[in-house]
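Dear colleague,

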Amino acid sequence: MTTLSVFGAQWGDEGKGKIIDRLADRVDVVVRYQGGANAGHTVIVGNEKYVLHLIPSGILHKGRVNMIGGGVAIDPIKLLEEVDGLLERGVAVTPENLRVCASAHVIFEHHKRIDGLAEVWRGAGRIGTTGRGIGPAYADKTARTGLRISDLLDADRFQARMTAALAEKNALIQKVHGEPALELGDQVERYLALGERLRPFVGDTGAELRRAHRAGKRILFEGAQGLMLDIDHGTYPYVTSSNTGTGGIANGAGFPPNKIDRAWGIAKAYCTRVGEGPFPTELFDADGDAIRKAGKEFGTTTGRPRRAGWFDAVAVRYALELCGADGWIATKLDILDAVDEIKVGVAYRVGDQRYTEYPAHLPNIEGVEVEYETYPGWSDDLSGVRRWEDLPEVVRSYVDELERLVGVPIVMLSVGPERDSVIERNKG
Ligand code: IMP
């Protein structure tokens, strides 16, 4: 196996950072292919905690090449802040180990402004975005008015394209939202300077990636967010603006889809969601509070408290099937120590209709009723366990149930935030 895709199988925040960091040890190249600085991948190494928003988690391993593919929407300010933050902490970030795709779209100040203003405009229908300018930047990409990283590297071209772009955006900001316009000269100067700093890192990452693959290098595709936030397959319109699953890899990384050898989903042993939108297994009681508290469920990018609920086997099964998962990783199993009894959503009901397959055709799954199965909890502390055989029987049978309900083998379990807090299983 030389290529592996790892993606979120719920609504994001599944604990991908830690797993990808662990897997990065076994590969040569780690690639982000979608999303932007809306992601927050947390990696804990010894006493050090790193939160990565744009740079692939492989950066914390010596000798790995980390690529930010053309499908990522890049905020150059955030990217360079991240580079500087890592350098200050002694992590090497060089044009050899960090590659940025010339054709990735740029998130500008006006995208972030409009992201916030559009949310106010939506009122009760707001999405609860991270405010990172993601939606407006991808909208411009699709409308063919966006600017790409390569545009930042050519001053005349940039001046011309930014003049046109900002004229339209300023009209929107001023005339629709009644807010002050952005000053063209400041923006041009600022982003050209950022482009100069990025220049050494920029290249054709798709070509570099395919060359690495031809040379037999091992490649890991790092998904951001989760399949239920996918622009096409998630809980639209309460989604992010990119293809978060394996489907996003081909275009976002410039890599042929039939060369992806294996795909692993990641899902928590319970479920969380941040922002607005349907969440069928959401809890509004003491169990929800206990899970949120024990799981430290507060957004890594925005600090917002996450909504917490039970594992939704309908949604996870859908995500894994859609992404062709060969296996999945159940994370934060240790957090369920906090509840006495565990429930799992096994089917949805709408009126007389029972759904065991995710009803993507329903305009709104907010109103669905969930059918649950209940399992005994455990009071043991799982955080020190490293072998399947050492898990209490009650925990193993819960994991076996999750596997049975979802129909895809669990290849690894995560029982704590540290790099080595995992139980590997020889499956998938
Ligand atoms: P946006 O991606 O900032 O446009 O936000 C759209 C929706 O996706 C909101 O509900 C966000 O809370 C959610 N979202 C975006 N990125 C992440 C993430 O990395 N983890 C969890 N939720 C996310």
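**Around the ligand**

In this predicted model, the ligand is surrounded by 17 residues, of which the closest are Asn38, Thr130, Thr240, Val274 and Arg304. In the side chain of Thr130, an N or O atom is 2.6 Å from an oxygen atom of the ligand, and in the side chain of Arg304 an N or O atom is 3.0 Å from a ligand oxygen atom. Gln225 faces a nitrogen atom of the ligand instead, with 3.3 Å between that nitrogen and an N or O atom of the Gln225 side chain.

The peptide bond that joins Tyr236 and Pro237 is cis, with omega at about 5°.

**Helix packing**

Two packed helices are described by the angle between their axes and the distance between the axes, and the pairs below are set out in that way.

Helix α7 (residues 184-198) takes part in a contact with helix α6 (residues 155-176), where the two axes come within 10 Å and cross at roughly 140°. An angle counts as roughly antiparallel when it is over 145 degrees, and α6 and α7 are therefore oblique to each other. Their crossing is right-handed. On the α6 side the contact is made by Ala155, Phe158, Gln159, Met162, Thr163 and Leu166, and on the α7 side by Leu184, Gln187, Val188, Tyr191 and Leu192. Sorted by class, the contact of α6 with α7 has eight nonpolar and three polar residues, and no charged ones.

Helix α7 also packs against helix α2 (residues 76-88), at an angle of about 45° and with the axes 10 Å apart; α2 and α7 are therefore oblique to each other, and their crossing is left-handed. Here Pro76, Ile77, Leu79, Leu80 and Asp84 of α2 meet Arg190, Tyr191, Leu194, Arg197 and Leu198 of α7. By class, the α2 contact with α7 has seven nonpolar residues and three charged residues, with no polar ones.

The crossing in which α3 passes α4 is right-handed. From α3, His111, Ile114 and Asp115 meet Ile134, Pro136, Ala137 and Asp140 of α4, and this contact has four nonpolar, one polar and two charged residues by class.

How values were computed: Residues are numbered from 1 along each chain as its sequence is written. This is a predicted model: local features need pLDDT of at least 70, side-chain atom pairs count only at pLDDT 80 or more; totals for chains, interfaces and linings use all residues. Side-chain values use heavy atoms; hydrogens and water are left out. Axes are lines fitted to C-alpha atoms, for helices over the stretch in contact, and angles run from 0 to 180 degrees between N-to-C directions. Helices (H or I, at least four residues) and strands (E, at least two) are DSSP runs, numbered from the N terminus. Angles under 35 degrees count as roughly parallel, over 145 as roughly antiparallel, 65 to 115 as roughly perpendicular and the rest as oblique. A crossing is left-handed if the near helix is turned anticlockwise from the far one by less than a right angle, and right-handed if clockwise. Contact means heavy atoms within 4.5 Å. Ala, Val, Leu, Ile, Met, Phe, Trp, Tyr, Cys and Pro count as nonpolar, Asp, Glu, Lys and Arg as charged, and the others, Gly among them, as polar. A residue is near a molecule or strand if one of its heavy atoms lies within 4 Å of it. A polar contact is a pair of N or O atoms within 3.5 Å; within protein, one must be able to donate a hydrogen and the other to accept it, and residues adjacent in sequence count only if both atoms are side-chain atoms.
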